[in-house]
Amino acid sequence: MSSYRPYQHIERRKSRQIHVGRVPVGGDAPISVQTMTNTLTSDAAATIAQIRLAEMAGVDIVRVSCPDEESTAALAEIVREVNVPIVADIHFHYKRAIEAAQAGAACLRINPGNIGSAERVKEVIQAARDHGCSIRIGVNAGSLEKHLLEKYGEPNPDALVESALWHADHLLQNDFHEFKISVKASDVFLAVAAYQQLADQCDHPLHIGITEAGGLRTGTVKSAIGLGNLLWAGIGDTLRVSLSAEPEEEVKVGWELLKALNLRNRGVKVISCPSCARQGFDVIRTVQKLEDRLAHITAPLTLSIIGCVVNGPGEALMTDIGLTGGGAGRHMVYAAGKQSHTTSSDEMVEHLVKLVEEKLAQNALAESEAV
């Protein structure tokens, strides 16, 4: 998305484009948001239900683990019943990768180094080629190859990048180019440095993430620091926020990261103050209610909710709809930065929801007429 102010512009790294099913990754494609299921993949019904919740949150791609034959056997039903491309997560057992490709996986997440012999890697690549799968080379600081740990003494950026490019060479030697790379670590400094280094050394699309980041709050903070750094520098073609939380929460955080940097927009972006003694209404509870009431909306719109006139009018200048707290239970509503009318504390949540829906309907009509 192009920025309308020069200081908001992010120059994205130039990368080749591949596809994960119908979702383009790299090049000028939007940065896609991923998550991973935590159900038993062999329980197709539970996995499908979890993916559907992630779809409602706006996920673009979902990864499922395929550790055994029961999982790959369930994969065909899962792929058939959901609306997003499925990545099969494969470790050690090369036959699971072949089975996943046959079952309709859009991408295989593998580490060519732990698949086995060169011949087995060739078989996996051939299966991917035959069934239209892309591949993700997934390097992780916690599972680096023994020879690299011996060489470097510990997981460091050089080791992660060498591992990634070494694995990429396996695919390139077999004339397979539909792949992306990740070099994840739980340490923010290590992950960011490795991605920066890798971005300078190749044009492969990059899947970015801070692995094993922690629970919802801790993991969100760590991911915001690490992924925010990379995205701001133009690095990253697809992302996953790894949280010890339900998959849809990962999706929500991923979207908020992209929205904060104007890289993608989805749903209502609420700008709100932390509140203080000057507030003319209960800002915290009002914002909670509005976020719940507007959670179903996917079209982009900005809404400012400010408790008093110190910053309210200024924030309203930069949002589609604004509300600024006033006295005697009456609050000013702004439209496109200009004062429009007032509303009461009792009615303002319902009133703002109605205004948002009306504004989005007007935008949709204008877009259809323009076409």
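The model is predicted: local features need pLDDT of at least 70 and side-chain atom pairs pLDDT 80 or more, while totals for chains, interfaces and linings use all residues. Residues are numbered from 1 along each chain as its sequence is written, and side-chain values use heavy atoms, without hydrogens and water.

Colour by secondary structure to find 13 helices and 15 strands (DSSP runs, H or I of at least four residues and E of at least two, numbered from the N terminus). Of the 371 residues, 50% count as buried (under 20% relative accessible area, 1.4 Å probe, protein chains only).

Next, select Leu 75 and Leu 108, which touch the most other members of the largest nonpolar core, a set of 80 residues (buried Ala, Val, Leu, Ile, Met, Phe, Trp, Tyr and Cys joined through side-chain atoms within 4.5 Å). Helix H8, residues 188-201, gives this core its largest share, 8 residues. Another core, of 20 residues, lies apart from it and includes Leu 301 and Val 353.

Move to helix H5, residues 118-130: at 1.5 Å a residue its 13 residues should span 18 Å, and its end C-alpha atoms are 18 Å apart, which agrees (the expected span is 1.5 Å times one less than the number of residues). Its buried residues are Val 121, Val 124, Ile 125, Ala 127 and Ala 128. They cover an arc of only 160° around the axis, which puts them on the same side of H5 (directions run from the helix axis to the C-beta atoms). Finish just after H5 at Gly 132, where phi is positive, about 70°.
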